[in-house]
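Subject: Structure for you to look at

Hello,

Here is the structure I said I would pass on. Please open it first, and then read the notes that follow.

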Amino acid sequence: MDKTQLKRHDLVFVSSSGKEKIWRDIAADYNGDAWQMARDVLLGGVDIPGFVRRSDERPEMLAIGFVHYQRLQGNRLRIGAFTTMQDIVMVMSPYEVMQRKAFAFDALNLCMETLLNLYSLAAEYDLQIGALGSAALELATDLPYTDDESDIDLLIKPAPYEKLLDFYRTAQENFGHIKLDFELELPNGYGVKLAEIFADTRTVLGKSLDDVNLLYRADIMKYLI
């Protein structure tokens, strides 16, 4: 697989030997409960994928980040790592994670129940959405990454501006009891907060796998017709 084909938020499944290499590389950075949790993520019985992330530290390798499903002192343990492309066995985009599992899981908490409802709402608007963050990891692993306090982070494909605005307003009205964070994925490789698209500003903050930049709203609007 070509590294340039990967995008922010993609889930990367690494081979067992690849995870063993990662563990040897990072084990000394952790101690106590964090050491055990990091080891469980990489060498435990469940195949936990990592998120593609931005990093210039080792350009010859792919930067990924792992997360344990349990909290440590109230926070998620985030594990920064690097892997070779040869050790990647499968990649799933946020859209694939959502589509493959959308109606094949039990919504055991408010977060996942709301995620199901948002998926149905997006379908009514003929919009493509993908799961990010804890919800994506729960869908991919069946581990309890979310709870009633979890936020919902979604990736959404470009669509006509008015359709996106109507969807956004309906989602906020119907599911305002939970924090919703929508990111619009642009064809130029950047992602921008959907809420910022509807704000009266000349520029919006865009994030890509390579950098963070201010993008002109007028340029973004060309994708939303």
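In which loop is D142 found? D142 is in the loop between α5 and β7. Helices (H or I, at least four residues) and strands (E, at least two) are DSSP runs, numbered from the N terminus.

Before the rest, a note on the source. This is a predicted model, in which local features need pLDDT of at least 70 and side-chain atom pairs count only at pLDDT 80 or more, while totals for chains, interfaces and linings use all residues. Residues are numbered from 1 along each chain as its sequence is written, and side-chain values use heavy atoms, with hydrogens and water left out.

The chain as a whole

The chain has 8 helices and 11 strands. Its radius of gyration, 18 Å, is close to the 17 Å of the globule rule for 225 residues, so the chain is as compact as a globular protein of that length. That radius is taken over C-alpha atoms, and the rule is 2.2 Å times the number of residues to the power 0.38. Along the principal axes, the C-alpha trace spans about 50 × 40 × 30 Å.

Of the 225 residues, 49% are buried. Buried means under 20% relative accessible area, exposed means over 50%, and partly exposed is in between (1.4 Å probe, protein chains only). Contact means heavy atoms within 4.5 Å. Among contacts between residues at least 6 apart in sequence, 64% join residues at least 24 apart.

Most residues other than glycine have a negative phi.

L143 is also placed in the loop between α5 and β7, but L143 is buried, with a relative accessible area of 15%. Leaving aside neighbours within four places in sequence, L143 is in contact with V46, I48, Y69 and E138. L143 and Q70 are 73 residues apart in sequence, and their C-alpha atoms are 9.4 Å apart in space.

S150 belongs to this loop too, which runs between α5 (133–141) and β7 (152–156). S150 is buried, at 6% relative accessible area. A polar atom of the S150 side chain lies 2.9 Å from the backbone nitrogen of D147. Not counting residues up to four places away in sequence, S150 touches R71, R76, C111, Y145 and I178.

Other places to look

P49 is in the loop between α2 (32–43) and β2 (50–52). With 0% relative accessibility, P49 counts as buried. Residues up to four places away in sequence aside, P49 touches L11, V12, F13, F66, L137, A140 and T141. P49 and L184 are 135 residues apart along the chain, and their C-alpha atoms are separated by 23 Å.

K19 lies in helix α1 (residues 16–26) and is buried, with a relative accessible area of 4%. Its contacts, apart from neighbours within four places in sequence, are V14, V41, L42, L43, D47, I48 and F66.

Lastly, is D126 buried or exposed? At 64% relative accessibility, D126 counts as exposed. D126 is found in the loop between α4 (110–124) and β6 (129–131), and has a positive phi of about 60° although it is not a glycine.

Regards

Notes:
A polar contact is a pair of N or O atoms within 3.5 Å; within protein, one must be able to donate a hydrogen and the other to accept it, and residues adjacent in sequence count only if both atoms are side-chain atoms.
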